[in-house]
Amino acid sequence: MAKKGRVFSGIRPTGRAHLGNYLGAIQNYVALQDDYECVYCIVDIHALTTVEDTENLRQNTYEIALDLLAAGVRPAETILFVQSHVPEVMELHTILSMVTPLGKLTDLPTFKEKVRQNPDNVNYGLVGYPVLMTADIVLYKTDVVPVGIDQAPHLEFAREVVRSFNYRYHTKVLIEPQMKNTIYPKILGLDGKEKMGKSLNNQIELAATPEETTKRVREMVTDPARMKRTDPGNPDICNVFTMHKIFSPQSDVDMVNVECRRAGIGCVDCKMLYARNLNHHLEPFRAKRAELASKPDLLKDTLNDGANRARAIAQKTMEEVRTALQLP
Ligand code: TYM
């Protein structure tokens, strides 16, 4: 069957993938493979903008690759590769930086958030982060980019850069990408307030053991107005209930919805039920991941093969870009 176009997305190897990555992006990575030619990239160079100690970078890159493969990325058809294995992206990043106003980069909410989180490490790479991300996307002539809602400003930025580039150099070489969210574009962390993420350590990792998962679920913040076991709760504002709706059978969701409101079930019981259902849901993922992890050579071969296939596309785009710029 003819594919509808090309999909590209990236994920940083700053640790193992968490439920936010899974529900906000990876589920779409997997689903889109049926209709699109897909390219998925583990963005190790982007990780360097915040990771100072690179001791675990290589291992974390393999961990993310395992997460993606265990979640259902199919490397025989989909290209799965590591960003630094295709260095053409750095060249395109430099070229795109010439059509990028500096003020636009420092105004981005994502940049301001990173500055807030890492005030002692505001490096040049952090400012250029969205330019490198744009280079990732356009290098592969991408039509669709599956991401969580936090990446929306970067996608809008990428579209502007494409327009500026094509206009300035009188070309149509670069394609304006479309963003694609899942139905869960923003998953909250254990605190029930902030976006789930590694930087706030409020995440639940897909590859955690059932025991670790249960422990993390116990830490989840519930309806703050419910102080005592006998107080009725409000599931509509409780993040545990939101997660029940994603991972629990309808009968459990209905039960919690009724019993929480009349204090028939306490928050601890409610969380333990969620932890059980979540662990049950993740069982096949964890089994497949363990099997893949037992074959490290196969994993490396998969990533090398992905890099070769990605590079062939990248080199062709760079030839077109160099021609458009009349680089000698
Ligand atoms: P990263 O590594 O932070 O996250 C990977 C993907 O997971 C999504 N995500 C979430 N979705 C919903 N709720 C959450 N709590 C949550 N946390 C993370 C992110 O939106 C993302 O889709 N800048 C990117 C990496 C990147 C990229 C690219 C993405 C580099 N180049 C080109 C697309 C295209 C990032 O930091 O993702």
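By class, the residues in the shell around the ligand comprise 12 nonpolar, nine polar and five charged ones, where Ala, Val, Leu, Ile, Met, Phe, Trp, Tyr, Cys and Pro count as nonpolar, Asp, Glu, Lys and Arg as charged, and the others, Gly among them, as polar. The model is a predicted one, in which local features need pLDDT of at least 70 and side-chain atom pairs count only at pLDDT 80 or more, while totals for chains, interfaces and linings use all residues. Residues are numbered from 1 along each chain as its sequence is written, and side-chain values use heavy atoms, with hydrogens and water left out.

The ligand is surrounded by 26 residues, of which Arg12, Tyr129, Asp136, Gly148 and Asp150 are the closest; a residue is counted as near if one of its heavy atoms lies within 4 Å of the molecule. Several polar contacts (pairs of N or O atoms within 3.5 Å) can be traced here. In the side chain of Asp136, an N or O atom is 2.8 Å from a nitrogen atom of the ligand, and a polar side-chain atom of Gln151 lies 2.9 Å from a ligand nitrogen atom. For Asp150, the distance from a side-chain N or O atom to an oxygen atom of the ligand is 2.4 Å. Of the 710 Å² of accessible area that the ligand has on its own, the protein covers 98%, with areas taken from the Shrake-Rupley method and a 1.4 Å probe. Strand 1 (6-11), helix 1 (19-32) and helix 8 (129-139) are the elements that give two or more residues to this shell; helices (H or I, at least four residues) and strands (E, at least two) are DSSP runs, numbered from the N terminus.

On the scale of the whole chain, there is a division into domain 1 (6-187 + 296-325) and domain 2 (208-289), with bounds from an automatic or database domain assignment. Their centres, taken over C-alpha atoms, are separated by 33 Å. The contact (heavy atoms within 4.5 Å) takes 13 residues from domain 1 and 11 residues from domain 2. Between them the domains bury about 970 Å², 64% of it on carbon and sulfur atoms, buried area being the accessible area (1.4 Å probe) that two parts lose on being put together, summed over both.

Two backbone details remain. Asn201, in the loop between strand 5 (178-180) and helix 10 (210-218), has a positive phi of about 50° although it is not a glycine.

Technical notes:
Polar contact = N/O pair within 3.5 Å; in protein donor to acceptor, adjacent residues only side chain to side chain.
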